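Welcome! Here is a short tour for anyone meeting this structure for the first time. Please take a look at it before reading on.

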Amino acid sequence: MHMELTVLLYTAASLGIIHTLLGPDHYLPFIVLSRARSWSRSKTLWITFFSGVGHVAGSVVLGLVGVAMGLGLHRLERIESVRGNAVGWLLIGFGLLYSLYGVYRHGRHGHKHLPSFLTPKSLREGHSTLHRELHHVEEAPAGSRSDPGRLTPWILFLIFVFGPCEVLIPMLIYPAAEHNLAGVIGVALVFGTATVATMLAVVFVGYQGLSFLHLKGRESLIHVLAGVVILSAGLAMQFLGL
């Protein structure tokens, strides 16, 4: 059993890394939203970390509950498949909505005005007040009540909690069937550590890479691009199995 468990742990580490790298939904949303929402590097990595932990924990809990209820591997894999399908559509919906939000912001920032000397004074004053209010909302510090993006990290976290780790369930079944609690904990920890560490590494590299990307005069387009990238990741997950 010791040799078999050792092989299983190495397999868990390898699959944790591979399944993360092959799934763009594991890192692209964090990279593009960090630029769109102007998150700091530390905030981006913390959001990635907690989302990754929730991602793995969801499948671990499902596997343990399934074993306790006597559910077979085939039944658990079907449940994970349903979860994967649901999460794919959630990412698609989130990406689509964020793309539309980006188009709205870009359109509002790109609108043209009449020269001030052609605009009545009352309209100029009214527009100035409105512009200051909109600017206050858009530039509000992250986490404040007027910050429209304060829910974005929570949306990502919830999507990842419901997101399945299909390759983890079969590895948990074997030690669980042998009533080897240490084996179950070991597999979960090794797979989870490999998955989260890979997510953090890729997001870190992506964050650093985007920091060199300058969109002078086109900053309002970053929200559109972020939405399109998230939408593409959801479509790849849903229809390409990535």
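## The overall build

How many helices and strands does the chain have? The chain has nine helices and zero strands, where helices (H or I, at least four residues) and strands (E, at least two) are DSSP runs numbered from the N terminus. Following the sequence, the pattern reads α-α-α-α-α-α-α-α-α.

A word on the source: this is a predicted model, in which local features need pLDDT of at least 70 and side-chain atom pairs count only at pLDDT 80 or more, while totals for chains, interfaces and linings use all residues. Residues are numbered from 1 along each chain as its sequence is written, and side-chain values use heavy atoms, with hydrogens and water left out.

## Inside and outside

The chain has 242 residues, and 41% of them count as buried. Buried means under 20% relative accessible area, exposed means over 50%, and partly exposed lies in between (1.4 Å probe, protein chains only).

## Aromatic pairs

Rings of Phe, Tyr and Trp (its six-membered ring) pair if their centres lie within 6.5 Å; planes under 30 degrees apart count as stacked, over 60 as edge-to-face and the rest as tilted. By this rule there are seven aromatic pairs. One of them joins F30 and F160: the ring centres are 5.0 Å apart and the planes meet at 50°, so this pair is tilted. It links distant parts of the chain, since F30 sits in helix α2 (residues 28-36) and F160 in helix α6 (residues 152-162), 130 residues apart. Both F30 and F160 are buried.

F49 and F50 make an edge-to-face pair, with 5.3 Å from centre to centre and 70° between the planes. F49 is partly exposed because its relative accessible area is 31%, and F50 is partly exposed at 47%. Together with W46, F49 and F50 form one aromatic cluster.

## A nonpolar patch

On the surface, I17, I18, L21 and L22 form a nonpolar patch with about 360 Å² of accessible area together. Patches are made of residues with over 30% relative accessible area and no salt bridge, with like charges joined within 9 Å and nonpolar side chains (Val, Leu, Ile, Met, Phe, Trp, Tyr) within 5 Å. A salt bridge is a side-chain nitrogen of Lys or Arg within 4 Å of a carboxyl oxygen of Asp or Glu.

I18 belongs to helix α1 (residues 2-21). With a relative accessible area of 43%, I18 is partly exposed.

Key. Accessible areas come from the Shrake-Rupley method with a 1.4 Å probe; for residues, only the protein chains shown count as cover.
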